[in-house]
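Please read the points alongside the sequence and structure shown here.

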Amino acid sequence: MKPSTVDPDRHGRRLRKMLNAGKPRWIRNCRGTTHMRRVMHRKGGKKPLDVRVRSQEMPCCAPKAVESEEYLNTVLLQGFHWTSHRHEWYNILQEKAQEIAQAGYTHVWLPPPSHSVSPEGYLPGHLYDLNTKYGSKQELLDAIEALNKFGVKVVADVVINHRCAQMQDENGIWNTYTDDIDHEGNKVNWGKWAIVEGDFGGTGNKDSGEDFHAAPDLDHENPELRSALISWLCFLKNQVGFSGWRFDFAKGFAARFTAEYIENTVGKGSFCVGEYWNDSVYDEYGLAYDQDAARQQLCDWIDECQACSAAFDYTTKGILQEAVNNQYWRLKDREGKATGLTGWWPDRAVTFIDNHDTGGEQSQWPFPSEKVALGYVYILTHPGIPSVFWSHHFDWDLAQDLKELIALRKRNSITSTSKLHISMADPDCYVAEIGESVLVKLGSRYDLGKGFPGSQWKLVTCGMDYAVWEKKGTAS
């Protein structure tokens, strides 16, 4: 199965139903009422209803030609956690800028930059108001300037699937938007036409993705709305300093629009990543060995956005956090490749151990805490684009270990597409060679036989259930 292959009938109806079930998450809605969000698929065509359109061309602030190696060499730091808004966060980022750069991170992913009904930023209202619970607009500018000074690029968490309205319509429904901040480009004072059909009284097209219950889903089929969003993204790029996007709830709108937003702003080749949180495959025994259906979903999304964006590799996370419990056989598929998205499309697979949703204060799907260091050994030495959670670097006493692993990765020129040879994937032991210069052993087995790993290898780091070697005389 190759990344561009679409084969929906390969798996049974029971399996497809399982994959589409979604995960519940607790969030706050625009009116302050607690809701449980369950991912659901809306069926239906794209017949336009009360739609406003623009005849002018889409705005564009992207470079004409892009030659980039960002998808090969990126090491991402998630630059916040779920309760960062309780601190003077932008000031903290500015203070940590040099430390972040010296640790080897190439990109930092910042929280949503706009005014939001929720303090975390995921229920945006006034898009151009950049004074948030994380700090003022000026503090944001100062933090980005400091990071850029040390050569670190900054990725914005853009929440464009939905937007909270500022006013009610004649029926008391919150679906009327204001635009109170002076700015260049298209206005964002939208009406119910900007909301998908049937959602919060919306009169737009049918939803092109899955529903987000807590706020009005925006009608991305509408070119006027897309034009306004592109203007806003260009503002974030040109006047604020962001160089890429992390797309929140990427399942909420068609991936072809993701491609359009990237191509008309930062340009294809700039690092972007989508949060396409899909389910792993389970059977009567728990997590199934065969996760092809799950990683195919990720491949399909990347394919549909023309590979303009990477995707967070939820498949690898699900496999890895089971594998570290003496189930290392899970890390090698039937073709000898890695079993997550990294095995099929490594330079579009952002691997991670935890983020603000799965770990930290929310802990919706946490990695086993005693195995976190081991998990980072895997993602920082293997193909894929590794992402490190802020709390793990700054709050877990792992900073030195992470710095050493990142330095090892760079010293041995390991990229997202480096060659991977898995020589052992037993229940208690996993051994792999990466790029012909790094050797990794995971698992509780101590004795791997006489002569292992050989005199040509030098031990670089080791810890509970892991060891890493590099080949003598090959590191740059």
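Which side chain does a polar contact of 3.0 Å join to that of Asp157?

1. The partner is Arg246, whose side chain is joined to that of Asp157 by a polar contact of 3.0 Å. A polar contact is a pair of N or O atoms within 3.5 Å; within protein, one must be able to donate a hydrogen and the other to accept it, and residues adjacent in sequence count only if both atoms are side-chain atoms. The Asp157 side chain also makes a polar contact of 3.1 Å with the side chain of Trp109.

2. The model is predicted: local features need pLDDT of at least 70, side-chain atom pairs count only at pLDDT 80 or more, and totals for chains, interfaces and linings use all residues. Residues are numbered from 1 along each chain as its sequence is written, and side-chain values use heavy atoms, with hydrogens and water left out.

3. Asp157 belongs to strand E5 (residues 153-158); strands (E, at least two residues) and helices (H or I, at least four) are DSSP runs numbered from the N terminus. Asp157 is buried, at 1% relative accessible area, where buried means under 20%, exposed over 50% and partly exposed in between (1.4 Å probe, protein chains only).

4. Ser413 has a positive phi of about 55 degrees although it is not a glycine, and lies in the loop between H11 and strand E15 (420-426).

5. Asn326 likewise has a positive phi, near 55 degrees. Asn326 is partly exposed, at 40% relative accessibility, and is placed in the loop between helix H8 (314-323) and strand E13 (349-352).
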